[in-house]
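Please look at the sequence and the structure shown below before reading on. This report is meant to be read with both in view.

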Amino acid sequence: MLNIASPNEKIRMDKLYNLLLDLDSDEGIRIENSKGEEKIYINRNILGVYNILIRTKKKSDNKGKEKNYNSTLSAEGYLEEIINYDNVSLVVEFLKHNMDKPTIWLY
């Protein structure tokens, strides 16, 4: 029996790889770190490219620790960065290196 995740369902990390493989262009995944200071949104476009939006709370005392990617500051005061990968393994590897004790949601 195929177990398909439904919207707003919490996802276990060990199910993430397969969920990313089957992600439709009208679906997305939201990942939050344990402290709630960073959120990652992942979707997949119709060409199969994974778009990753990273939203990090801007801290006034970060002392130059901002990421040196193509970051922009949103109206809500978050640093936002977009990364694209065309391979699900690269997405999972990125998440393993950048999220500690994540909470994962399908939306």
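**Basis of the description**

This is a predicted model, in which local features need pLDDT of at least 70 and side-chain atom pairs count only at pLDDT 80 or more, while totals for chains, interfaces and linings use all residues. Residues are numbered from 1 along each chain as its sequence is written, and side-chain values use heavy atoms, with hydrogens and water left out.

**Overall fold**

The protein chain has two helices and seven strands, where helices (H or I, at least four residues) and strands (E, at least two) are DSSP runs numbered from the N terminus. Along the sequence these elements follow the pattern β-α-β-β-β-β-β-α-β. Of the 107 residues in the protein chain, 31% are buried; buried means under 20% relative accessible area, exposed means over 50%, and partly exposed lies in between (1.4 Å probe, protein chains only). The accessible surface of the protein chain comes to about 7,400 Å², and 48% of it belongs to carbon and sulfur atoms; such areas come from the Shrake-Rupley method with a 1.4 Å probe, and for residues only the protein chains shown count as cover. Among contacts (heavy atoms within 4.5 Å) with a separation of 6 or more, 53% join residues 24 or more positions apart.

**How the strands pair**

Two strands pair if DSSP finds at least two bridges between them.

| Strands | Bridges | Opposite residues |
| S3 and S4 | seven bridges | Ile40 and Ile54 |
| S1 and S7 | two bridges | Ile11 and Ile104 |

S2 and S3 have five residues between them, and Gly36 in the turn has a positive phi of about 75°. The hairpin of S3 and S4 also has five residues between its strands, and there Gly48 takes a positive phi near 90°.

In a regular strand the side chains alternate between the two faces of the sheet. Strand S7 has a covered face with Ile104 and Leu106, and an uncovered face with Thr103 and Trp105.

**The nonpolar core**

In soluble globular proteins, nonpolar side chains tend to be buried together. A nonpolar core is here a set of buried Ala, Val, Leu, Ile, Met, Phe, Trp, Tyr and Cys residues joined through side-chain atoms within 4.5 Å. The largest such core has 21 residues, and those with the most contacts inside it are Leu20, Ile29, Ile31, Ile40, Ile42, Ile52 and Leu95. At least two core residues come from each of helix H1 (16-21), strand S2 (28-32), strand S3 (38-44), strand S4 (50-57), helix H2 (88-98) and strand S7 (103-106). H2 gives the most to this core, with five residues.

What is Leu20 in contact with, once its neighbours within four places in sequence are left aside? The partners of Leu20 are Ile29, Ile42, Arg44, Tyr50, Val88, Val91 and Val92.

**Aromatic pairs and glutamates**

Rings of Phe, Tyr and Trp (its six-membered ring) pair if their centres lie within 6.5 Å, and planes under 30 degrees apart count as stacked, over 60 as edge-to-face and the rest as tilted. A search of the whole structure finds two aromatic pairs. The ring centres of Tyr41 and Tyr107 are 6.3 Å apart and their planes stand at 80°, so this pair is edge-to-face. Tyr41 in strand S3 and Tyr107 in the segment after S7 are 66 residues apart, and their pair links distant parts of the chain. In the pair of Tyr85 and Phe94, the centres are 6.1 Å apart and the planes are at 50°, so the pair is tilted. Tyr107 is partly exposed at 38% relative accessible area, whereas Phe94 is buried at 10%.

Glu38 lies in strand S3 and is buried, with a relative accessible area of 10%. The side chain of Glu38 makes a polar contact with the side chain of Thr56 at 3.2 Å; a polar contact is a pair of N or O atoms within 3.5 Å, where, within protein, one must be able to donate a hydrogen and the other to accept it, and residues adjacent in sequence count only if both atoms are side-chain atoms. Glu81, found in strand S6 (residues 78-85), is buried at 3% relative accessible area.
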